[in-house]
Amino acid sequence: MSIKSVADFTHLKPNILNDYYKNHLSGYPTWNQRGHAEEYVLYGYNLGEHLAIDETSLSNGELYTVLTNKDGHGRQGTLVAMVEGVRSEDVIRRLLRLPAGRRAKVRSVTMDMSNSMYKIVRRCFPNAQQIVDRFHVQKLMNDAVQDLRIRHRWEVMAQENRLRQEYREKGLRYEPEVLPNGDTMRQLMVRCSRLLVRKPNDWTPSQKERAEILFQRLPDLKEFYYLALRLGKIYSDYDSKDVARAKLALWFNQVEAWHYEEFDTVIKTFSNHYERILNFFHEKRTNASAEAFNCKLKSFRAEFRGVNDLSFYLYRVKQLFA
């Protein structure tokens, strides 16, 4: 259509222009995957040697499994497949439609620690090395540190409530202890959450003071905080899978020595995915590209002001990223 003819439509309402673009200019009506787009879309020509698999929410909380090519770098050529749902059987059935020869050439797939992703990759990409993303591993440990903080917070609240009751029975007014930085212990347990996910070099002066008081009062929280940092250093400092295996084994022993339920669960989870966690140290590939692609999908969805027409939205995604 010429520039002049496009200008002829400027007086129309936006929804009329949108409908005209969708039904006449975009190419959407003749899209060969339109009939099944809401269930799955496949772009086998974008398969490469190194893939990432993740899940994302597109509309009304409904989840889609997204397969991307790392070499696409978030641009055209990135999107390999989007499949409705996360049930391994359903996703496998769709992904097996991708060309078998191309699937056999996939060398690595990065993922999280879900059993569903493990089954999908094992079945659809049998020659690929499975790599558990380092950030999911570290997040699990950081979440356990926060769980310990919350456990101590409830203990502090219970003790304070008990003391208030005892003082009330004696006809006295209870005043909680004020710590050197001006916090009460109850306030400290809430306000320390941010510093526990930051490195000491990134602490503000008030966070440094708060951390000193916190770790003096709760040495177990201090120990697990530094164990979480040590896990990150193993990922950062070592390139050899064999060296990392030895360092992680030592780290496991240090965590297990405390016999804390939160961290025993972490160790058991790591043990179930141990070899796939160690595969990271072969080429140090992460799932960051998949997370970045999910952010792009969410940003694009925000520009649409939500997803009212899911099929057309997926067509626009295809135009940008496939």
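Start by selecting Ala158, which you'll find in helix 6. Keep in mind that this is a predicted model. Is Ala158 buried, exposed or something in between? With a relative accessible area of 38%, Ala158 counts as partly exposed, because that class lies between under 20% for buried and over 50% for exposed.

Now select the whole of helix 6, residues 134-169. How far apart are its end C-alpha atoms? They are 53 Å apart, which agrees with the 52 Å that 36 residues should span at 1.5 Å a residue.

Next, pick helix 9 (residues 219-237) together with helix 10 (residues 241-256). Their axes are 11 Å apart and the packing angle is about 170°. Since angles over 145 degrees count as roughly antiparallel, helix 9 and helix 10 are therefore roughly antiparallel to each other. Show the side chains where they meet: helix 9 brings Phe224, Leu227, Arg230, Leu231 and Ile234, while helix 10 brings Lys247, Leu248, Trp251, Gln254 and Val255. Sort the residues of this contact by type and you get seven nonpolar, one polar and two charged.

Last stop: helix 15, residues 310-321. Which residues of helix 15 are buried? Select Leu310, Ser311, Phe312, Tyr313, Leu314, Tyr315, Val317 and Phe321 to see them.

Key: Residues numbered from 1 in each chain as written. Predicted model: local features only at pLDDT ≥ 70, side-chain atom pairs only at ≥ 80, totals over all residues. Heavy atoms only, no water. Helix = DSSP H or I, 4+ residues; strand = E, 2+ residues; numbered from the N terminus. Expected span 1.5 Å × (residues − 1). Axes fitted to C-alpha atoms, helices over the stretch in contact; angles between N-to-C directions. Parallel < 35°, antiparallel > 145°, perpendicular 65-115°, else oblique. Contact = heavy atoms within 4.5 Å. Nonpolar A, V, L, I, M, F, W, Y, C, P; charged D, E, K, R; others polar. Buried < 20%, exposed > 50% of the residue type's maximum accessible area, 1.4 Å probe, protein only.
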